Amino acid sequence: MASKKKLLFIGEFPPPYTGVTVKDSLIVDEILSDAFDVEAFNLYRFKFEKTKTPLIAIELLAAIKRAEHICVGVGHPFRTCMVFRLAKMLHGEDFLDHITVFMMGIGTPAYLRKHPSYVPDVSKGRCVFAESES
């Protein structure tokens, strides 16, 4: 049996477990875990464990560095853009096509219009599944 590829899922899993949290959990548990060896990273640790921010940042960088593929499921486009920037810094530009985005929320198109410097990196992602009114 072939080993599963390592996939890092960077998402948001805060209580009370509605909205983005439910979607992220479903994506990881129901879709990705059958095909990949999934490591989930909860970005909300930065909010809930503020005294550990430097250690959490190091953990995130290490997780991105060892990932073969990355999926991003976040509620704000800035966080998605930062994942692309960090992955580019750690793996190089060619790695960006190993990132899949499940954008939760309605602000992605407007955010990228307002911050066009992120467009070249984000556009290299393999897929972007957007939940958006626009």
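Tutor: Let us begin with a term: a residue is buried if its relative accessible area is under 20%, exposed if over 50%, and partly exposed in between, with a 1.4 Å probe and protein chains only. The model is predicted, so local features need pLDDT of at least 70 and side-chain atom pairs count only at pLDDT 80 or more, while totals for chains, interfaces and linings use all residues. Residues are numbered from 1 along each chain as its sequence is written, and side-chain values use heavy atoms, leaving out hydrogens and water.

Student: What makes β1 mostly covered?

Tutor: Of the 7 residues of β1, 5 are buried. Strands here are DSSP runs of E with at least two residues, and helices are runs of H or I with at least four, numbered from the N terminus.

Student: How do you know that β1 pairs with β2 and with β3?

Tutor: Two strands pair if DSSP finds at least two bridges between them. There are 7 bridges between β1 and β2, which run parallel, and 5 between β1 and β3, also parallel. Leu-7 stands opposite Val-38 in β2, and Gly-11 has Gly-73 in β3 as its bridge partner.

Student: What makes a group of residues a nonpolar core?

Tutor: The members must be buried Ala, Val, Leu, Ile, Met, Phe, Trp, Tyr or Cys residues, joined through side-chain atoms within 4.5 Å. The largest such core has 25 residues, and Leu-8, Ile-10, Ile-70 and Ile-99 have the most contacts inside it. Two or more residues come from each of β1 (5-11), α3 (53-66), β3 (69-73), α4 (77-91), β4 (99-103) and α5 (108-114). Apart from this core lies another, of 10 residues, including Phe-9, Phe-13, Val-28 and Leu-32. In soluble globular proteins, nonpolar side chains tend to be buried together.

Student: Which residues does Ile-70 touch, leaving aside those up to four places away in sequence?

Tutor: Contact means heavy atoms within 4.5 Å. By that rule Ile-70 touches Leu-8, Ile-10, Ile-64, Val-83, Ala-87, Phe-95, His-98, Ile-99 and Thr-100.

Student: Which residues of helix α1 are buried, and what covers them?

Tutor: In α1 (residues 20-32) the buried residues are Val-20, Thr-21, Asp-24, Ile-27, Val-28 and Leu-32. Their cover includes β1, β2 (36-42), β3 and β4.

Student: Why is the pair of Phe-9 and Phe-13 called tilted?

Tutor: Rings of Phe, Tyr and Trp (its six-membered ring) pair if their centres lie within 6.5 Å; planes under 30 degrees apart count as stacked, over 60 as edge-to-face and the rest as tilted. The structure holds 4 aromatic pairs. The centres of Phe-9 and Phe-13 are 6.2 Å apart and their planes stand at 55°, so this pair is tilted. Phe-9, at 0% relative accessible area, is buried, and Phe-13, at 17%, is buried as well.

Student: Why is the pair of Tyr-44 and Phe-48 called tilted?

Tutor: Their ring centres are 5.9 Å apart and their planes at 35°, so that pair is tilted. Tyr-44 is partly exposed at 21%, and Phe-48 is partly exposed at 48%.

Student: Why is Glu-12 called buried?

Tutor: Its relative accessibility is 4%, so Glu-12 counts as buried. Glu-12 is found in the loop between β1 and α1.

Student: What makes the approach of Glu-12 to Arg-79 a polar contact?

Tutor: A polar contact is a pair of N or O atoms within 3.5 Å; within protein, one must be able to donate a hydrogen and the other to accept it, and residues adjacent in sequence count only if both atoms are side-chain atoms. The side chains of Glu-12 and Arg-79 meet this rule at 2.5 Å.

Student: Where is His-91, and why is it called partly exposed?

Tutor: His-91 lies in helix α4, and its 28% relative accessibility makes it partly exposed. Its side chain reaches the backbone oxygen of Ile-64 at 2.7 Å and that of Lys-65 at 3.3 Å.
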